[in-house]
Amino acid sequence: MKQRHDHTLQIKAENQPTVLERLLQVTRYRGFSITAFRVLPTMTGNMLDITLTVHEAGEFSDNPENNMTKLCHQLNKLFDIKHVNLKSMKVGNMECKSSKFSHSPSNCSKYVSQEMNNLISNVN
Amino acid sequence: MNNQQNYTGASLTLSILEQQGVTDIFGYPGGAIMPVYDAIYDSPVKHYLCRHEQGAAFAAVGYARASGKVGVCMATSGPGATNLLTGLADAMADSIPIIAITGQVGTKAMGSDGFQEVDIIGLSLACTKHCFQVKNIDQLAEFLTQAFQIAQSGRPGPVLIDIPKDIQMTQVENLSESALQIAAENKLANQQTNQSSDEFQQAAKLISTSQKPILYVGGGVGIANAVNDLEQLIKSTEIPSVVTLKALGGVKPERSNYLGMLGMHGTKAANIAVQECDLLIVVGARFDDRVTGKLDEFAPHAKVIHMDIDPAEIGKRRQADVALIDNLKNSLPNLIKAIASHKLNINTWQERCLELVEKNPLDLSNESINIFAPALLRELSDTVSESAIVTTDVGQHQMWAAQTMHFNHPNQFITSSGLGTMGFGIPAAIGAQISAPKTQVITVSGDGSFMMNVQELATIKRYQLPVKIVLIDNSRLGMVRQWQELFFKRRYSETDLSDNPDFVTLATAFDIKAKTITKKKEISDAFDEMLNHNGAYLLHVKIDAMDNVWPLVPPETSNSKMIEKTA
């Protein structure tokens, strides 16, 4: 049976007037519902610490973590968002996984599938 | 620059535009933007008055596409600003760098439902890369400068700046030179990548072990100004290539192993080859649904190397085996280097691709004495100058132009691809013509689309722009009618336009020379007359109402199941 997966995003953003609206708009447009949302200004600097818990709207997909990664990439494109950390949580057994997204595309460039790694080791 | 003490928000806005290299802007004045228009009166930046704000936004898109510069459009608050939004959405979908400057009611009236007040920031969030609202005069220079950086950096896109009227009128104090030279935000600076050579080696290994590789080329190649780099890759590897609508001209049509456009109205050769390939090398493309058909069945045997500047495109619609996330201007030369030491063995595949091209020519035959639009557009393509820029509207004529016309560079074919916006063609041609006054600019339009921004004929008249309009008229909303015929049991709901206005009279009212043709034998002379005419010209081409665009992949169907022309 498919389970609902809640995912928590920890986001650091500039405290600019449109940043929260943009964050919510992208989250909705990319197909997620929000179950918890907490925003705190940082002690120093004009920044916000945002904790956003979401799950996929509509039917549960077979690959929610992949879809979460897509959401993180989309949020990470927003100009005022500085970085996004993803913590996935399977409701029930508390399995956690953490991934980081930041603005340098080079952080995302280490992208080689398992299948590809196998192929490369075969070639070698 | 003026003495800084003389700056108002409005004149500072114009000075920053000038400093950013802006020479031309498109817009429409109104109450809340009047101080900026007053500053335009003294500015060397030339303003072009369009006759609808949507026209101004599309002109900015056409200008940006043709010139590679940032397009700028401007409107007043409220309805002026909302009228820009379709153009912004269009620029968002096609990754075009444009800046929209909107007037806003004064800061004291904001939030009170004032006259011509609308929350344009709220409305533009979903169709801009970023937007700014200037809350005090000290932010103005920084926001404008940042807007230009954001619009052009990474994957380009539209940026909106909303300036309340009182801020436009405020005297600028304490303006330091540094305020005009705002350094790039760290975030923008960070977008330079230093991708390790590992990924390129992995890509090169995938390519060298592939028996049937294909290059799937998208609009990113033109945007990154990497057409020559792609040409080098193709020259050195002879890998067969297909292009998207936005990448037409990205591969020279005469190049061997070129299979044409893929997707819903692509060539059969391109679609079959992609379905058969074992490796897709995606160059600045995003697996759009009009390209892939039924996604699960798209290129089912292929591994994927995805080259794009936007990390969010990697794995969005199709998983990649290797991703090269960078500006194509960097990644293409790196890939060429990485492949250099590998030998490709793809002769059998090249022969197969050639066979597909030879066996599946586009059918331009038509027995009727009436005009067959695809054949007319091929003849137009063979007649216009090598450097001509063609803009289109959206619908059957757009697909026929894409199928039959040849381009030497993506900037020569300016069309609304991602958003598919009717009414795009004429204002985009205005922008293109203004950016390149000596270049032949042709708009291919349809009778439905033409009427959507017909008021821009007045802009053509006002600036005496020699734009040539080829209006393909089937007295129908042709593409929708075609779908009604094929997929809605021939229930032709609201697609009959046989009560169209007399287009020749209409054009004449705007001082645009015009002529109607209905028969094939008239085409050649009509083209001569149009292209030799020293000014704007509208060639009204009547065609049969029931002509369809073939071949066609029905919606949500595999690209291997293209429908051919039915009797």
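**Reading chains A and B: a conversation**

Tutor: Welcome! Of the 124 residues of chain A, 43% count as buried. Keep in mind that this is a predicted model.

Student: What makes a residue buried, partly exposed or exposed?

Tutor: Buried means a relative accessible area under 20%, exposed means over 50%, and partly exposed lies in between.

Student: Then why is Leu332(B) called buried?

Tutor: Its relative accessibility is 0%. The cut-off for buried is under 20%, so Leu332(B) counts as buried. This residue belongs to helix α14 of chain B, which covers residues 328-340.

Student: Which residues does Leu332(B) touch, leaving aside its neighbours within four places in sequence?

Tutor: Its contacts are Ala226(B), Asp229(B), Leu230(B), Leu233(B), Val283(B) and Met307(B). Contact here means heavy atoms within 4.5 Å.

Student: Why is Phe37(A) called partly exposed?

Tutor: Phe37(A) has a relative accessible area of 35%. That value falls between the 20% and 50% limits, so the label is partly exposed. You will find Phe37(A) in strand β2 of chain A, residues 32-41.

Student: What makes Phe37(A) part of a surface patch?

Tutor: A patch takes residues with over 30% relative accessible area, and nonpolar side chains are joined within 5 Å. At 35%, Phe37(A) passes the area cut-off, so it can be included. Together with Leu24(A) and Ile34(A), Phe37(A) forms a nonpolar patch with about 220 Å² of accessible area.

Student: How do you know that β1(A) and β3(A) pair?

Tutor: Pairing asks for at least two bridges. These strands have 8, in the antiparallel sense, so they qualify.

Student: What is the strand order of the open sheet in chain B?

Tutor: Its 6 strands run β2-β1-β3-β4-β6-β5, with parallel pairing.

Student: Why are β2(B) and β5(B) said to stand at the edges?

Tutor: β2 (46-49) and β5 (130-133) of chain B each have a single partner strand, so one side of each lacks a neighbour in the sheet. For β2(B), 4 bridges join it to β1(B), residues 24-27. In that pair, Gly27(B) stands opposite Leu49(B).

Technical notes: Residues numbered from 1 in each chain as written. Chains lettered and ligands numbered in written order. Predicted model: local features only at pLDDT ≥ 70, side-chain atom pairs only at ≥ 80, totals over all residues. Heavy atoms only, no water. Helix = DSSP H or I, 4+ residues; strand = E, 2+ residues; numbered from the N terminus. Patch = residues over 30% accessible without salt bridge, like charges linked within 9 Å, V, L, I, M, F, W, Y side chains within 5 Å. Areas by Shrake-Rupley, 256 points an atom, 1.4 Å probe, with all protein chains shown as cover. Salt bridge = Lys/Arg side-chain N within 4 Å of Asp/Glu carboxyl O. Buried < 20%, exposed > 50% of the residue type's maximum accessible area, 1.4 Å probe, protein only.
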